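The following paragraphs lead the reader through one protein model, from its overall make-up to individual residues. Please keep the sequence and the coordinates in view while reading.

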Amino acid sequence: MNILLRPKLVALCLLSSLLPLTLTGFVTARWLSETTNETARSRASTILEIKKNRLEQYLLRYRTDMEALTNSAGSLYGQNTNRLETVRDRYGQAVQQQFQNWGQETKQFAATEQLAKNFASIDWVFRDGGETISGERWPAVAANMTPSLNRFREKQGFDNVYLISAKGSVVLSGLPDPLLGKNIWHAALKESALTRLVTAALTKSSFQDFTSLPLLGDGVSAWFATPVHRGGDPDGKIIGVLAARLAPTALTSHFSFKLEEEEKNIRLHLVGPDRIPYATFDSQTPPSGGHDGKRAEVAGPGVSAALAGNKGMGAVKGVTGQAVFSAWSPLSVAPFAAAQASPWAVLAEQDLLQLFSPPEQQGKPFYKKQMDQAGYYDFFLIQPDGEVFFSVARQADFGTNMVNGKYAATNLGKLVQRVLVQQSFAMTDYEPYPPSNNEPAAFMAQPLLRDGKLQMVVALQLPLEALTTLMQHRDGLEGDGDAYLVGPDGRMRSDSIRDPQHHSVLASFADQETVQTTLRSEAIQAALAGKSGQVVGQSWGGLPVFTAFAPLPFGNGVTWAVVTETPMIQGLLPMRAIPMQIWGTAFFASLCCVVMAWVAATRLRRTLFQSVATLEDLRKGGLPAANPVGKRTDEFGLIAREIADIATRWHQVASRLGEHGGNVARLGRDLSGMARHDLATAPEEQGTKVKVGEQATQEVAVRIENNLKQIQSLDRLLGRMNHTVLQGKSTMEQALNAAKEIADRASLFAETAQQTNQLSMKAAFETVGTGENKSSRKTGVVVMEIRKLAERGRIFADEIGELSLGMSYMVENAHTLLGSISSTLQESAALTQGMGLADTAQHGQMVQIYSMTQALKGRIRHHGVVLNQLAPAAEALSRQVDLLQKELSFFQGQPVVQQPADGEAEMIATETLALQMEMEEKAHPLDPSP
């Protein structure tokens, strides 16, 4: 036999060494190239995530700063507006209190007794002199009276004080006046406000708001008038009116109001019903007031609202026409409860810039410091009508209107208009902004609301350089890497690192060609469409790069594109780039593999040949040669020796199988004969035994049934006895009740006899007390007889009671005895029922035994069938054993042994019979029930 094992092993070892080396070299070359590119690709994605996260945090910081600045403005708004309201209310209360004081002082002065006497004197002198001040006595009387009037006038700050008689004549005044000596009902003053005032004051104290009089020129005055009673008695006759004229200058000259240090920038205005500002108070300038006939009326929403009786505040055009924050309120200056006067307006105003600009910090305005720290370009405060009233940078847009001004069409103007309508936070993308040298600018704005009403709009101009600084931070980028932002218009939002000259923010907004080049990028288009990913693209210089891109939501539906680029290696690394040491090592390893494979194949071939020869001997039926491989202790020697041992043991097993086969054949023949004999004799014997068992079972069942009938009869008898006992028990209970009733009646009878005895004794005593006549003696005899009868009745009643008690005791004993008998009968009935149930159960068990007997008969018949089937099976087993012995003779080399040993045959027969019985049990199990 020629087995080509040696060349196969050599070729296998050679291939197993060269193939891994070749694959390793190829894979190493490819891995080096792909690893380098994968590193670049992974770095691009990682840098993209870093940039995007930083940008999102930066944009979030925008929103946070916007919230902080808005809250700061809102806080200042709340503090300052509350301060304005407080100052306004204080000022209004002070003015109102001053008018009330003037009215009260006028009433008190008019109620003095001296004034009433002087008034009567001057009035009489005035009339006696022909109702003129040119009489002889009037000047002297007036000279005595005017000092007191002037003292009152100077103390209260009135412009003049008048005494007007009940007939309307001005009989005296503190200072010479055109009204002195005139009658108010004459043609010149008949329709004047003074006439109406005096007419009302002849009844009660009255007030006339600031108005002009024909005789006093263009100036306006307010009037206080109160009646003067005769002798100063409030219940006396009214003899005239005391009138005091108040000039507007008194509202400042004789009125003091103090502002705190933090209220020094607040201006206060007191406007009359005629829209004339009668008083202005400012802590930084001297108070001013008065009316010279040339001061114009003031307008404005605050003044109109206050004069209409409404109270409020807001950023409006103030009294001077400038934009201010004003708090207004209506004010009633009428000093008397019944006086009718139109409401005035009191206003507290503060410049908007001062209202929302806290004190400087470290020598720098508050918002300017905030802008420098956060890096913002500008900060705006805008009124609800769109006017920019505050700006840190104060560019050309300061003081303009973003709703209808020249910058309304800019992105800031559109943003302000959107916030005014939506009243929510909004942002705008970068666009050229004319006030900032037409450079790109972006804005965000947020409304300041109070009680659901818009107070102002807070806006920020975002820095442009901050985005470029953020994107140009290396964050793992190599020297030729790049990262930049692109807006939806294709313009740059940050400068490119590799090409800042042509691809910067300013260049993209100035050069349309750069925009077209940017928009042709696949990565930028995908990112602007809201997609994220990575592609292989080209840099600005045309080099292949890995481009990672992602969208960045900027706000208000605006999306930017974030792009990072890392260079890539073109193609795979060439194979010749692998060092020659790898190829030299591969050749030397191949040569060693060939030599070792040749030696191993030679030794293996020799051992295998010897093992094959042993197997061929075994196939031919012969015994192997002893120790075919000598003393070899390696794996091949062990294999050869194991093959030889297996062949020897196989011959031994075949010999023993032949011997046992003969024994099994003889056992099969014996088993067949035994089955035929059992089949002929067993059914008759078993049938006889079954019949005997059936007869015995039937006899026992009949006896049990008779016992059951007798027990049922006994149960019925016990039931009737129990019923009779229960009736006797009921009768004894009735007798017991009757005995108790007799005892009760006997007790009543005894009590009656006792009462009769007592009555008879009483009658006897009475008879003895009445005398010794005959009738009395007869009555006494009768009474004694009645007493004897009563005593005998009592004795009989006691005896009946004793007998009743004895009878009751005996009835109770009989009742107890009947109860005991009834319990005993019930227990006997229960025992009888238990015996009946036991016999019934025993009868059922006998029925089950009978059923089991019938089942046993069926199984005996089935056993006969099995014996009929067992005989042919035993004969077939004998034939199969003969065939087995013939097959085993090939290994034995000798005739088949037909006669097994006696001990072995007996053991085989016993095992076969046990197997038969086990099979029968599994096929027909007996009923385990009793």
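The model is predicted, so local features need pLDDT of at least 70 and side-chain atom pairs count only at pLDDT 80 or more, while totals for chains, interfaces and linings use all residues. Residues are numbered from 1 along each chain as its sequence is written, and side-chain values use heavy atoms, with hydrogens and water left out.

The protein chain contains 17 helices and 20 strands (DSSP runs numbered from the N terminus: H or I of at least four residues for helices, E of at least two for strands). Of its 930 residues, 41% count as buried, where buried means under 20% relative accessible area, exposed over 50%, and partly exposed in between, with a 1.4 Å probe and protein chains only. Among contacts (heavy atoms within 4.5 Å) between residues at least 6 apart in sequence, 62% join residues at least 24 apart.

The interior may be considered next. In soluble globular proteins, nonpolar side chains tend to be buried together. A nonpolar core is here a set of buried Ala, Val, Leu, Ile, Met, Phe, Trp, Tyr and Cys residues joined through side-chain atoms within 4.5 Å. The largest such core has 130 residues, and Y91, F99, L163 and F379 have the most contacts inside it. Helix α1 (residues 5-110) gives the most to this core, with 19 residues. Apart from it lies another core of 18 residues, among them Y407, L415, V416 and V419. Leaving aside residues up to four places away in sequence, L163 touches residues including L115, F119, M145 and V241.

Strand β16 (residues 453-462) has 9 of its 10 residues buried, so this strand is largely enclosed by the rest of the structure. Strand β12 (residues 378-382) pairs with β16 in the antiparallel sense over 5 bridges (two strands pair if DSSP finds at least two bridges between them), and I382 stands opposite V457 of β16. Strand β15 (residues 439-450) also runs antiparallel to β16, joined to it by 9 bridges; L449 has L454 in β16 as its bridge partner. A hairpin is formed by β15 and β16 with 2 residues between them, and D451 in the turn has a positive phi of about 60°.

An open sheet is built from 4 strands in the order β17-β20-β19-β18, with antiparallel pairing. Its edge strands, β17 (482-486) and β18 (533-538), each pair on one side only. From one strand to the next the twist averages 30°, with axes fitted as lines to C-alpha atoms, for helices over the stretch in contact, and angles running from 0 to 180 degrees between N-to-C directions. Strands β19 (residues 544-555) and β20 (residues 558-567) pair over 10 bridges, and T547 has E565 in β20 as its bridge partner.

Is T564 buried or exposed? T564, which is placed in β20, is buried, with a relative accessible area of 0%. Not counting residues up to four places away in sequence, T564 touches A44, I47, L48, K51, D482, A483, F546, T547 and A548.
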